[in-house]
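Open the model in your viewer and keep the selection tool at hand. Each stop below says what to select and then what is there.

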2 protein chains.
Amino acid sequence: MTDTLLESTPLAIDEAAADRIFRTARTTSQWSDAEVSDARLEAAWDLAKLGPTAMNTLPLRWLVVRSPEAKQRLVAHMADGNKPKVEAAPVSLVLAADPAFHEHLDELFPVYPGIREQLAPAAEQRGDMARFNALIQAGYVIVALRAVGLAAGPMNGMDTAGIDAEFFGESGWQSLMVVNVGEAEGEGSPYPRNPRLSFEQVAEVL
Amino acid sequence: MTDTLLESTPLAIDEAAADRIFRTARTTSQWSDAEVSDARLEAAWDLAKLGPTAMNTLPLRWLVVRSPEAKQRLVAHMADGNKPKVEAAPVSLVLAADPAFHEHLDELFPVYPGIREQLAPAAEQRGDMARFNALIQAGYVIVALRAVGLAAGPMNGMDTAGIDAEFFGESGWQSLMVVNVGEAEGEGSPYPRNPRLSFEQVAEVL
C-alpha cells in the first residue's frame with residue numbers, strides 16, 4: 001500500500017516545500033535571536049489572505065504583540081505555563097475574529113449587493129460566522145508563516161475574556177488563540193512529535 | 001514599500017509551491033475528468049494531519065462521498081445553489097468534527113495521562129474543542145489538497161443537522177462544511193478572484 005501510494009500520488013509541490021509547511025515543521029518554543037519584522041508578517045498575510053472563506057468574509061484579525069510593554073499586558077492573561085512562552089518569543093500574535101467583518105463586504109463580496117445591510121442587525125450570526133471562518137484562516141496563517149521561513153507556536157491556554165477586555169474593548173475583536181512567532185532554533189521543540197491519526201482512522205468512504 | 005518587502009522577505013518555499021497552495025489556487029467549480037482516488041486523499045491527509053491542534057486532539061473527520069448513491073444522499077441536504085456543484089465534483093468531502101476525539105488521547109497526547117478520562121464526562125466542552133480545532137484543520141486540509149495537485153471547492157450552504165442525521169447518527173460526528181475535490185479544469189473558476197483585505201486592514205501592531 002505504501003509503495004503504491006508513493007508511486008501514484010506524487011506531491012504537486014517540491015519536497016522541501018512540503019517539509020517546510022508540514023512535514024518537518026514543529027510547534028515551536030525554542031527561538032533564534034532573529035527579529036520578526038512587520039514586513040515578514042505582512043508577507044505571510046499576503047499568502048494566507050488568499051485562502052478561501054465563506055462569502056470572502058475574511059474575519060481574521062491580528063494583534064501583533066512585540067514591545068516589552070505589550071508583551072507584559074498579554075502575559076497577564078496567559079495561563080501560567082504559557083507566560084514564559086510569550087516572554088521568550090520574538091513576537092506573539094493574538095489571532096482574533098472580527099464580528100464587524102460585514103462592514104467590508106461591499107468591497108470583498110460584490111456579487112451579493114446588500115449582504116452588508118442584511119447582516120448588520122444579525123450580531124449573533126455575525127459572531128458565529130466570524131469565529132467559524134477565522135479559525136479556518138488560522139490554519140492558513142500557520143502554514144503561511146512557515147512558508148515565509150518563520151515558525152509558529154500556537155497556544156490556547158489563556159483568558160480570552162481578559163484579553164478581549166485588555167485589547168479589544170473598542171474594536172470588538174474576539175480572541176481565538178495566541179501564536180508565538182519567530183525563527184526556530186534547531187527543530188524548535190525539545191520534544192519528539194506526537195503521533196497522528198491515520199487516514200483509515202479519520203475517514204469513512206461512501 | 002513593496003520593493004523593500006520583496007527584497008527583505010523572500011519566501012522560504014519555491015515560487016511554484018506558493019502559487020499552487022495560495023497564489024493561483026482558486027475555489028474550484030470546474031473540474032477535469034480525472035478521478036480522485038482514496039490514495040490521493042490519503043496523501044493530502046498525510047500532510048494535513050501534521051498541522052498543530054490543541055493537545056494534539058486531531059478532531060477533524062472526513063466523509064468521502066464518491067458513489068452516485070452517496071452523492072444523492074448528500075445533495076438532498078445541500079442548498080439549491082450547491083446541489084449541482086456536489087453533483088459535478090469528482091468527490092465531495094463532508095468535513096466534520098468528532099466530539100469523541102478524546103478516545104484517542106492516550107495515544108495522541110501521552111504527555112497528559114488521564115486527559116481522556118477527564119474529558120469523558122465533559123460533552124459540551126468536547127464539542128467546543130472538537131469544532132474549534134477541526135476548523136483549524138480544515139484550513140490545513142484545503143492547503144494540503146492543493147499540495148497534492150487537487151483543487152478544493154469549500155461550501156457552507158447546507159443543512160448541517162440534516163447531514164448529521166443522514167450520515168452521522170452512529171458516529172456523532174458534526175458536519176462543518178462540504179469540500180468538493182478534483183483536478184481543476186483551467187483556472188477552476190469562471191469568476192475573477194475577489195479582493196482581499198491588506199495587512200494594514202487586519203493587523204494592529206503594539
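**Before you start**

This is a predicted model, in which local features need pLDDT of at least 70, side-chain atom pairs count only at pLDDT 80 or more, and totals for chains, interfaces and linings use all residues. Residues are numbered from 1 along each chain as its sequence is written, chains are lettered from A and ligands numbered from 1 in the order in which they are written, and side-chain values use heavy atoms, with hydrogens and water left out.

**Stop 1: chain A**

Chain A has ten helices and five strands. Both kinds of element are DSSP runs numbered from the N terminus: helices are H or I with at least four residues, strands are E with at least two. Along the principal axes, the C-alpha atoms of chain A fill a box of roughly 55 × 50 × 30 Å.

Of the 206 residues in chain A, 54% are buried. Buried means under 20% relative accessible area, exposed means over 50%, and partly exposed is in between, with a 1.4 Å probe and protein chains only. Among the contacts in chain A with a separation of 6 or more, 80% are between residues 24 or more positions apart; a contact means heavy atoms within 4.5 Å.

**Stop 2: both chains**

Now show chain B as well. Two copies of a chain are related by a rotation about an axis and a shift along it. Here a rotation of 180° with 0.0 Å of shift along its axis superposes chain A on chain B, with an RMSD of 0.0 Å. That is the relation of a two-fold axis. The superposition is by least squares on the C-alpha atoms of residues with pLDDT of at least 70 in both copies.

Next, select the interface: 82 residues of chain A are in contact with 82 residues of chain B. The copies meet through the same surface, because 100% of the interface residues of chain A are also interface residues in chain B. About 7000 Å² is buried between chain A and chain B, and carbon and sulfur atoms give 68% of that area. Buried area is the accessible area (1.4 Å probe) that two parts lose on being put together, summed over both. Colour helix H8 (residues 123–147) of chain A: this helix gives twelve residues, the largest share of the side of chain A that touches chain B.

How many salt bridges cross the interface of chain A and chain B? The rule finds zero. A salt bridge is a side-chain nitrogen of Lys or Arg within 4 Å of a carboxyl oxygen of Asp or Glu.

**Stop 3: rings**

Show the aromatic side chains. The structure holds eleven aromatic pairs over all chains. Rings of Phe, Tyr and Trp (its six-membered ring) pair if their centres lie within 6.5 Å; planes under 30 degrees apart count as stacked, over 60 as edge-to-face and the rest as tilted.

Select Phe199(A) and Trp62(B), an edge-to-face pair at 5.7 Å centre to centre with 85° between the planes. Phe199(A) lies in helix H10 (residues 199–202) of chain A and Trp62(B) in strand E1 (residues 60–65) of chain B, so the pair joins two chains. Both residues, Phe199(A) and Trp62(B), are buried.

Then move to Phe168(B) and Trp173(B), a tilted pair at 5.4 Å centre to centre with 50° between the planes. Phe168(B) and Trp173(B) are buried. For a cluster, select Trp45(A), Trp62(A) and Phe199(B), which ring pairs link.

**Stop 4: charged side chains**

Over all chains, the count comes to 20 salt bridges. Select Glu187(A) and Arg26(A), whose side chains meet in a salt bridge at 3.7 Å, N to O. This pair links distant parts of the chain, 161 residues apart.

In chain B, select Arg61(B) and Asp98(B), a salt bridge whose closest N and O atoms are 3.2 Å apart. Arg61(B) lies in strand E1 of chain B and Asp98(B) in the loop between strand E2 (91–97) and helix H6 (105–108), so the pair ties together parts that are 37 residues apart in sequence. Arg61(B) and Asp98(B) are buried.

Last, select Glu15(A), Asp19(A) and Arg23(A), which salt bridges with shared partners join into one network.
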